[in-house]
Amino acid sequence: MARPWIGYACAAGAALLCTLIGLAMAPRFDIVNIAMVYLLAVVVIALRFSRGAAILSSVLCVAAFDFMFVPPQSTFTVEDVQYLLTFAIMLAVALVISGLMASGRRQAEARAALMLEAETERIRSTLLASISHDLRTPLAVMTGASSSLAEGGERLSPAERTALAQSIYGQARDMSEQVAKVLQMTRLETGGIALDRDWAAIPEIAGSVLARLSERLAHHRLMVDFPADLPLVRVDTTLIDQALANLVENAARHTPAGTVVRVRGQCRGSELVVSVEDFGIGIDDHDIEHVFEKFHHGASAGAGRGVGLGLAICRAIVQLHQGKAWAERLPGGGTAFRFTLPVDEAPLPPSEAESA
Amino acid sequence: MTEARATILVIEDAPEIRRFLRSSLGAEGYKVVESSTARRGLIDAATHKPDLAVVDLGLPDFDGLDVIRRIREWSPMPILVLSARAQERAKIDALDAGADDYVTKPFGIGELLARVRAALRHAVRIGSGKNNLTLEDAIIDIEARKATRGGKEVHLTPIEFRIIACLAKHLGMVVTHRQLLSEVWGPTHLADTHYLRIYMKQLRDKLEIDPVRPRHFVTETGVGYRLVADDEST
């Protein structure tokens, strides 16, 4: 508990409140019932606050009860011995309840710590599992193919040699991208990235993403849709380029050849919505909710899966920009992956003074 | 001097990277001089008088940036830098210090050779007085400030011509935002990147066949722009 004095103050307040209630009750109720009111206060304080506050509460309640109501009134003297039992019970109730609560709290804390540890462990083991799956396979290909070239290259036909070299090249490129993703995710999670914001045009970023991924998109039909008056945004261009590239890559990876991938931007109020829509088989409710999480692999993810960080990186980047990222099902079976970016006030446009 | 017999100085500390650069550049007909440290590289630059230098930004003895600045003190030779991924800042600093282009590690040899060719071509072209640019169906005469597309005149504003002229001076190579802003609008506008965003869109709308997927006014995200013309071989 951050501020223990609050508990003590409440204990004192509760004793005072009970005394007032007791005074109101006194003409009509038996003194035992007034004791019950005090007992209730002790229970409440013991439930909500520390052991110290509970003990204070029971002492104050006993004292107030004794002083105000137990004959002879206005003294701390006790005529009837049975009231000593009342006092003892109040103290015992305070101790028992606050003891129970404290151990409950300790257990909850221990459970939370355990869960955190388990989550860290789960992430670590998923990371290791995906590294061993996603990096060891390409490493095996590279080792095998390059050793064939190095040790028996002259016995192979030129076409076979080229094919082997190309497979090493492809696997190495892939692997270096995966490693970059793992590093990037780590950097994003440890807060090691400071945004380098500058005015940017989303269609321009999209153009360079699509050019870079043209090989990856060669078998998809691409549609690009940006209104001419889309406002500029103040973002870290390199990071937003990455966020969008990860969405496009995800669409290319998980939808069949020949289907449409549509990249679009819309302005909605003070937000710009960037979407990558695909017309693949779609994903189920569970995946819609979790698809942006680290290491999430959808039910339909087949051999073409990556490390499972692309969308998580996208979301982390977008969140750094005070935007949000989500997936939604499209009518007809596709999926839209969208993110928003805040639109600031437009900068002063350049003026062209000279006449052309 | 013809391109094919050009001498290329490679200043790179990783021997495995030097090895594949040596064999691939050698196979293209270039003469390769290798230096594994910045100090050695500066000496080799002075003694071998290479036509182009490839400089790694992560050298062990001193900063690749210093190598670029020192070479620039006495030579306009094209300089290509090799930088690691996620080093946008370092790339921009190198370009602003006088490097002509960059390649990000890991790179395929095709990408590097394309940059080498563009840079050597650029070195040859300086002073050749060629002013006509061909961008598919568009032809731009920078000197006469005339542009046509499919034979019809296209109206370009004076600023648009200035941007094209600045990019064309480094044809095929990257020009940083800072360089463009300073050359077109002057040194008080170095932070006005939005000017570039607005003008590049205009230029693409006027001169590109598909403005959203430009082939000539190419964006180098986070760094600058690159003008790619059809007649790269002239």
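Two residues count as in contact here if their C-beta atoms, placed from the backbone, lie within 7 Å. Helices (H or I, at least four residues) and strands (E, at least two) are DSSP runs, numbered from the N terminus.

## Ground rules

This is a predicted model, in which local features need pLDDT of at least 70 and side-chain atom pairs count only at pLDDT 80 or more, while totals for chains, interfaces and linings use all residues. Residues are numbered from 1 along each chain as its sequence is written, and chains are lettered from A and ligands numbered from 1 in the order in which they are written.

## Where chain A meets chain B

The contact draws 27 residues from chain A and 21 residues from chain B. On the chain A side, the elements giving two or more residues are α5 (158–189), β1 (198–200), α6 (202–212) and α7 (237–254). Of these, α6(A) supplies the largest share, 8 residues.

Sorted by class, that side of chain A has 17 nonpolar, 5 polar and 5 charged residues. For the bookkeeping, Ala, Val, Leu, Ile, Met, Phe, Trp, Tyr, Cys and Pro are nonpolar, Asp, Glu, Lys and Arg are charged, and the others, Gly among them, are polar.

## Chain A: domains and sheet

Chain A is split into domain 1 (5–110), domain 2 (126–189) and domain 3 (198–342), with bounds that come from an automatic or database domain assignment. Taken over C-alpha atoms, the centres of domain 1 and domain 3 of chain A are 62 Å apart.

Now for the sheet. In chain A, 5 strands make an open, mixed sheet in the order β2-β4-β5-β7-β6, where two strands pair if DSSP finds at least two bridges between them. The edges are β2 (221–225) and β6 (325–329) of chain A, each pairing on one side only. Neighbouring strands are turned by 20 degrees against each other on average, direction ignored.

Walking across, β2(A) and β4(A) (residues 260–268) run parallel and are joined by 5 bridges, with R221(A) partnered by V260(A). Next, 8 bridges join β4(A) to β5(A), and this pair is antiparallel; here C267(A) stands opposite L272(A). The hairpin of β4(A) and β5(A) has 2 residues between the strands, and G269(A) takes a positive phi near 65 degrees there. Then β5(A) runs antiparallel to β7(A) (residues 335–342), again through 8 bridges, and V274(A) faces F339(A) across that pair.

## Chain A: helices around the sheet

Helix α6(A) lies across β2, β4 and β5 (271–278) of chain A, at about 165 degrees to β4(A). Axes are lines fitted to C-alpha atoms, for helices over the stretch in contact, and angles run from 0 to 180 degrees between N-to-C directions.

How do α7(A) and α9(A) (residues 310–320) pack? Their axes come within 9 Å and cross at roughly 150 degrees. From α7(A), L239(A), I240(A), Q242(A), A243(A), N246(A), L247(A), E249(A) and N250(A) meet G310(A), L311(A), I313(A), C314(A), I317(A) and V318(A) of α9(A). By class, the residues of this contact come to 9 nonpolar, 4 polar and 1 charged.

## Chain B: two domains

The assignment gives chain B a domain 1 (3–125) and a domain 2 (132–227), whose C-alpha centres lie 27 Å apart. Between them, 12 residues of domain 1 are in contact with 9 residues of domain 2. On the domain 1 side, α4 (88–96), β5 (101–105) and α5 (109–125) of chain B each give two or more residues, and α4(B) gives the most, with 5 residues. That side has 5 nonpolar, 1 polar and 6 charged residues.

In α7(B) (residues 177–184), the buried residues are H177(B), Q179(B), L180(B), L181(B) and V184(B). A residue is buried if 20 or more other C-beta atoms lie within 10 Å of its own, exposed if 12 or fewer, and partly exposed in between. Their cover includes α6 (158–169), β10 (174–176), α8 (193–207) and β12 (224–227) of chain B.

Most residues other than glycine have a negative phi, and most peptide bonds are trans. The peptide bond from K105(B) to P106(B) is cis, with omega near -5 degrees, and P106(B) sits in the loop between β5 and α5 of chain B. E136(B), not a glycine, has a positive phi of about 50 degrees; E136(B) is partly exposed, with 14 other C-beta atoms within 10 Å.
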